[in-house]
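Please study the sequence and structure shown below, then work through each solution in order.

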Protein chains: 2
Amino acid sequence: MFEFRITSKDNRARGGIFSTPHGDLVTPVFAPVGTQATVKTLTPEHLKGINASLVLSNTYHLYLRPGDELVRDMGGLHKFMQWHNPMLTDSGGFQVFSLSNTRKIDDEGVTFKSHIDGSTHRFTPEKSVQIQENLGADIIMAFDECSDPNDVAYSKIAMQRTHRWAERSLAVKTRGDQALFGIVQGGVNPALREESARFIASLNTPGIAIGGLSVGETKEEMHATLDVVTPILPEGKPRYLMGVGTPEDIINGVARGIDIFDCVLPTRLARHHSAFAPEGRLNMMNATFARDERPIDETCDCYACQTFTRAYIRHLIVAKEMLAATLISIHNLRALIRLMEDIRVYIADGSFESRVPELLDRWSNNAKRKI
Amino acid sequence: MFEFRITSKDNRARGGIFSTPHGDLVTPVFAPVGTQATVKTLTPEHLKGINASLVLSNTYHLYLRPGDELVRDMGGLHKFMQWHNPMLTDSGGFQVFSLSNTRKIDDEGVTFKSHIDGSTHRFTPEKSVQIQENLGADIIMAFDECSDPNDVAYSKIAMQRTHRWAERSLAVKTRGDQALFGIVQGGVNPALREESARFIASLNTPGIAIGGLSVGETKEEMHATLDVVTPILPEGKPRYLMGVGTPEDIINGVARGIDIFDCVLPTRLARHHSAFAPEGRLNMMNATFARDERPIDETCDCYACQTFTRAYIRHLIVAKEMLAATLISIHNLRALIRLMEDIRVYIADGSFESRVPELLDRWSNNAKRKI
């Protein structure tokens, strides 16, 4: 279990297969986010229809609601949400740091208040692993601390804490059917990132995550950080760039040797009426589309594009009908999953590296709203 | 086209087939309501999955948003919402009377204010037919006036106006591929209902609707009114009881010779977390279900019941996830459509009439919330 086989290489980009208890993941892969044990507005059938393979769920949210012990007693996350393909949970660390403005961090763990009812809770590395074992995802994360990338002194403290917490996470892990990934931190400081990459690599986890990016640093800093980290990581283990990202970030990440991505962007944009399209990111509520008989994207094979016009989707948005979010979510996720499918083909045929400028050019249209 | 063939009879209950340009309707039939050209939270695939056949959409809403001319220009309602089976539109009359508190009725038509932006509009029989021709449903309605059932004097005036409006609606109809139904009114006054049924029957429309019920009268008054009306109506034409209703009303309606029903109840209940179940109508948010591993209804063949536990659906509701409304809508609609399938079998095998008490007993559980 958790064997990672690299099947093709193109410069630093890799195509591979990561075997999990719920099936093989073909990488590079993009994971839709199902924060509360549901990818918002979609059924598992919709996810199968867009060829989703890995789904991420959030430890912090599920711990609070419905509770990890309840999920365990209902047979685990896969059975609870009826997603029988690979799943990944984060450690809750990032959510606790970003969601709670009343958190207190010490060397042992973090005390925080629930965003739901203000009640006080405490996460430690041990607690995070226990929760994630109750949830039962195939890939789980060591508890980590994400620092302000521009604060070097704090980044060092957070990195050191992350290293000790990774050791503690590994020490308490009991289940053999879950792969626990260590997380590289260190802000945007190259020396810290190098130290962290070496340390996390030494733990010999079945995969390695890179945290603390896409949290306010510049694109150049993100790329430079990946350029420091990935060459240090062992070739034969999957690399997961947490919470990233935009289509451009994904293309740039693959080019720097990343294998796994996740981001709420496609579904969050969809709920705000924003759709990926060849001509740029479209605000589907715009009156321009009132009588537009084309699909969102004429080149797309998703259910929404194969079935409905822009005019209909715009009507649903204006009429405040929930189906709008469902249809745009299907399309936006499919657009990113198709990008990953294309990238895998390009890596396999050796054309990825040479196509990066063309891919970036195509997707840079979608960095901001066109309409 | 619009041939109605009665295939079986059981006392006053009838099984039949009504042929439309978008396929044969097997009756008695229950139509899910897609007010704004979408059955809320569901895709057309979901509707096919629950064996829906006829879908109703509302003329008043589509006239205001996105506009009937836009729907016409996009190829009509079937193409716009991608429902390629039979459709029905109401005349807008009931919506105008019930939604607008600033309406003014005269013999020519009704002036009203939009619930969306307060703008002033006017419906006449001619306008209603023109809108419905633009929308393009298979079954359309004459413009009618629904009275307060307990005001006999007003019921008489509204009935007389409804008769003149039915003649005017028929006079301006141009499309041959739409069946325009006249509507019987008359409140709960037997003499008025008898007069109205005779008059509307004399217009020789391909089907006849019964309006003005389920608007505040008692169950006894509804049944007594149907007992007056349906024996007068021609045997060989489908009878549509508008806006009805609850499972009990449907069973009682079929027993009195009704063929077509529609109601927002199953989908509206679903959005308020309420599910039809053998033990009664369940509030799926109730803590009782937090760890309930059973489906909503163990006897149900719908996607929601075949796939998800009550515990998961309750979690989705508590976590405010939209998928909850989708799953309960699928189940509640399927429950009523299954009831209609059962009723058709019972009529065909001659056991319907004798099963009415058992059916009413089973469904009376669902008249109110159990939990």
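**Exercise 1.** Determine how many residues of chain B are in contact with chain A, and which elements of chain B contribute to that side.

*Solution.* Step 1: 31 residues of chain B are in contact with 30 residues of chain A, where contact requires that the C-beta atoms of two residues, placed from the backbone, lie within 7 Å. Step 2: on the side of chain B that touches chain A, two or more residues each come from α3 (68-73), α4 (77-81), α13 (310-318) and α14 (323-348) of chain B. Helices (H or I, at least four residues) and strands (E, at least two) are DSSP runs, numbered from the N terminus. Step 3: α13(B) gives the most, with 5 residues. Step 4: by class, this side of chain B has 16 nonpolar, 9 polar and 6 charged residues. Here Ala, Val, Leu, Ile, Met, Phe, Trp, Tyr, Cys and Pro count as nonpolar, Asp, Glu, Lys and Arg as charged, and the others, Gly among them, as polar.

The model is predicted: local features need pLDDT of at least 70 and side-chain atom pairs count only at pLDDT 80 or more, while totals for chains, interfaces and linings use all residues. Residues are numbered from 1 along each chain as its sequence is written, and chains are lettered from A and ligands numbered from 1 in the order in which they are written.

**Exercise 2.** Describe how domain 1 of chain A meets domain 2 of chain A.

*Solution.* Step 1: chain A is divided into domain 1 (4-262) and domain 2 (269-364), with bounds from an automatic or database domain assignment. Step 2: their C-alpha centres lie 26 Å apart. Step 3: 25 residues of domain 1 are in contact with 26 residues of domain 2. Step 4: on the domain 1 side, α10(A) supplies the largest share, 6 residues. Step 5: the residues of that side divide into 14 nonpolar, 7 polar and 4 charged.

**Exercise 3.** Which strands pair with β8(A), and in what sense?

*Solution.* Two strands pair if DSSP finds at least two bridges between them. Step 1: strand β7 (residues 104-105) of chain A pairs with β8(A) in the antiparallel sense over 2 bridges, and A:Lys104 has A:Thr111 as its bridge partner. Step 2: β8(A) and strand β9 (residues 120-123) of chain A are also antiparallel, over 4 bridges; there A:Thr111 stands opposite A:Arg122. Step 3: 4 residues lie between the strands in the hairpin of β7(A) and β8(A). In the hairpin of β8(A) and β9(A), with 6 residues between the strands, A:Gly118 takes a positive phi near 75°.
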